[in-house]
Amino acid sequence: MDYLTLIQLLDSTVRLATPLLLACLAGLFSERAGIFDIGLEGKMLAAAFFSAAVAALSGNVWVGLLAGIGASMVLSAVHGLASITFRGNQLISGVAINFLAAGMTVLIAQDWFRQGGRTPSLSGGARFDSITLPGADAIADTPFIGPLYAELISGHSILVYMALAAVPLTWWLLFRTRFGLRLRAVGENPAAVDTAGVSVVALRYAAVAICGLLCGIAGAYLSTALQAGFVKDMSAGRGFIALAALIFSKWRPWHALYACLLFGLFGALETRPDVIEAVTTLKVNSALLGALPYVMTVIILAGFIGKAIPPRAGGEPYVKER
Amino acid sequence: MTLMTKFLGAVAGVALSAGAALAEPALIFDLGGKFDKSFNEAAFNGAQRWAEETGGTFREIELQSEAQREQALRRFAEAGANPVITTGFAFADPVNAVAGDYPDTKFVNIDGWMPEVPANVQLIGFQEHQGSYLVGMMAAMASKSGKVGFIGGMDIPLIRHFGCGYAQGAKAVNPDIEVIANMTGTTPSAWNDPVKGSELTKAQISQGADVIYAAAGGTGVGVLQTAADENILSIGVDSNQNHLHPGKVLTSMLKRVDVAVYDSMKAGVDMETGGFTTLGLAEDGVGVAMDENNAELVSADMKAAVEEARQKIIDGELEVVAYYANDSCPALDF
């Protein structure tokens, strides 16, 4: 494998890891506050549809992005209402959101565009173009550093850089601010937070809203940056892989980045069986690579590599004692 | 409120159609969905054409999950729909299981295979390898790099069958050509993953491919899009996809599922059943799409070569090996 192939492989890794990373951080906020969210997939799908649809109608991808975030946050609010206010089962609410999004997107798309549950192809300003970082063209021919900068670091959509920036931001917010401390406490011991006179409900709603925001960006990235339009079920299980990454990273932001990059790398390798064969001289079945994220999560959950302990109050609605 | 009205309207529509006249044909779409711009959409177009020409009506359902297959078949059969047409290989087993319980209902399955065909079932197959052979020839003639790509949807023998014909066609034109083949996945979600389709396309481009054939349902939308973005040529499948990116799609391998559905609906309850129908180049069941969108891409040489090969295959002078023959491909290693 030559250097350029390696760069291309890593480039593909970054593209594939970005939606996972955004969804994973979304789940991290929600679950750290004690709200399990298996509706990441559905929120991403709804955001993918609305961002593509509104971008197609308005011709402006930023308006589309806002619409996608809005749709995702509405679903988040539904999840919050069901699991925080009405103290319903969080898993059931999440499943319901997945089903709702899968059906609703196609139904509305058919009603709006009459193209069989998809949006028209986006072009021009209705789509996120890749941005070339300053100086990328100038040093592209420099050996070693040139391709690294021009191919791998530069030339992604702005949402990729936003996703990467979200990692330190999440870390800072959760571990260096009062809001973050309270948010984490609400996921561990909501009664203590309540005793301190801080509203559990408000904190959990805030967490769920941030979750909706990040899922919205993830969905918009799928349909307006990676693709040029929405196609039925286009999230294709990425929300669930993000959940796997969340468990794999043991609910920590930096580890979430590493986990998503690792899972992205598996995805990228899946597309290059020739590279695997050249490096390992083995013909590896690409389906095996696709299953690896799940296999690794099961291994982690079984306690072979450290122990994954979810936030203690996760999944339980908070009932104030009278 | 409008959404509510729509739901109520939909419910009312379902209730009305349930009480409609007997013996209307029914069409069941596979998981790719009715509007996949490809296989299932072709089936829908055939049914539409029949409905427009005869003024008849047909019933239809789009499956959402594997578990619905048998249920949908039984519901249509019990409601008196006849014939019940199913698209996709995955329906072969459910049809086989259900057919015996409804001896008066005729079932049609497109793309499926059964060891023994029940008396009231007709299987319709296509010689996809013949059509793929022709697009493979065109790909090899259009390629400047000497490398062409193939991206399949779910890794099943049928899709390998497509890829195998394609590779044979490409190698017939240029024996030294390299065919890079990838499958999107091994589960039905492989038909609806355009993001992965794009990623596979980029991977093949970085390996040097400059013409890529997508036989991948909804995933193919991503392949064609990325190919157009990266300024290389792509080849569509099943329906004519040339118009999706005019001037960027070299051609489409047509699989006339619409003709099969149309003919079945036209024959109606009098249809002959209990066997296989195979539609190949000779029956115009498969072919290559030529229209104004790809006119500039197809040279006179290409046209002549394709026409010659087509005639030879029809006359039996040229044999394209089917992947099914011995579950392997002479021109491509999957």
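Residues 284-305 of chain A are 73% helix and 0% strand, with 24 Å between the end C-alpha atoms. Helices here are DSSP runs of H or I with at least four residues, strands are runs of E with at least two, and both are numbered from the N terminus. This is a predicted model, so a local feature needs pLDDT of at least 70 and side-chain atom pairs count only at pLDDT 80 or more, while totals for chains, interfaces and linings use all residues. Residues are numbered from 1 along each chain as its sequence is written, and chains are lettered from A and ligands numbered from 1 in the order in which they are written.

That span is one of those that UniProt, in an unreviewed entry, labels "transmembrane region": 12-30, 42-59, 91-113, 158-175, 196-222, 255-272 and 284-305 of chain A. UniProt positions follow the numbering used here, feature names are shortened, and annotations may be inferred rather than shown by experiment. Another of the spans, residues 91-113 of chain A, comes out as 100% helix and 0% strand, with its end C-alpha atoms 33 Å apart.

## Where the chains meet

Two residues are in contact if their C-beta atoms, placed from the backbone, lie within 7 Å.

For the bookkeeping, Ala, Val, Leu, Ile, Met, Phe, Trp, Tyr, Cys and Pro count as nonpolar, Asp, Glu, Lys and Arg as charged, and the others, Gly among them, as polar.

B:Pro194 is found in helix H7 (residues 194-206) of chain B. Leaving aside neighbours within four places in sequence, B:Pro194 is in contact with A:Gln227, A:Val231 and A:Met234 from chain A, and with B:Gly218, B:Thr219, B:Val221 and B:Gly222 from chain B. B:Pro194 has 31 C-beta neighbours inside 10 Å, so it counts as buried. The cut-offs are 20 or more other C-beta atoms within 10 Å of a residue's own for buried, 12 or fewer for exposed, and partly exposed in between, with C-beta atoms placed from the backbone. B:Thr184 is ten residues from B:Pro194 in sequence, and their C-alpha atoms are 9.5 Å apart.

Over in chain A, A:Asp233 sits in the loop between H10 and helix H11 (238-248). Its phi is positive, near 55 degrees, in a residue other than glycine. A:Asp233 counts as buried because it has 24 C-beta neighbours inside 10 Å.

## Chain B, domain by domain

From an unreviewed UniProt entry, residues 29-319 of chain B carry the label "domain: ABC transporter substrate-binding protein PnrA-like". That stretch is 41% helix and 21% strand, and its end C-alpha atoms are 32 Å apart.

The domain assignment of chain B gives domain 1 (23-126 + 258-279) and domain 2 (128-254 + 299-325), with bounds from an automatic or database assignment. The centres of the two domains, taken over C-alpha atoms, are 27 Å apart. Their contact takes eleven residues from domain 1 of chain B and 14 residues from domain 2 of chain B. On the domain 1 side, helix H2 (residues 39-54) of chain B gives the largest share, three residues. That side divides into five nonpolar, two polar and four charged residues.

## Helix H3 and what follows

In helix H3 (residues 68-78) of chain B, the buried residues include B:Arg69, B:Ala72, B:Leu73, B:Phe76 and B:Ala77. Seen down the axis of H3(B), its buried residues fall within an arc of 125 degrees, so they line one face of the helix; the arc is that of the directions from the helix axis to the C-beta atoms. Their cover includes strand S1 (26-29), strand S2 (59-62), strand S3 (84-87) and helix H4 (92-99) of chain B.

After H3(B) comes B:Gly80, with a positive phi near 90 degrees. B:Pro83 lies in the loop between H3 and S3 of chain B, and the peptide bond from B:Asn82 to B:Pro83 is cis, with omega near -5 degrees.

## An enclosed strand

Strand S7 (residues 178-185) of chain B has seven of its eight residues buried, so it is largely enclosed by the rest of the structure. S7(B) pairs with strand S6 (residues 147-154) of chain B in the parallel sense over seven bridges; strands pair if DSSP finds at least two bridges between them.
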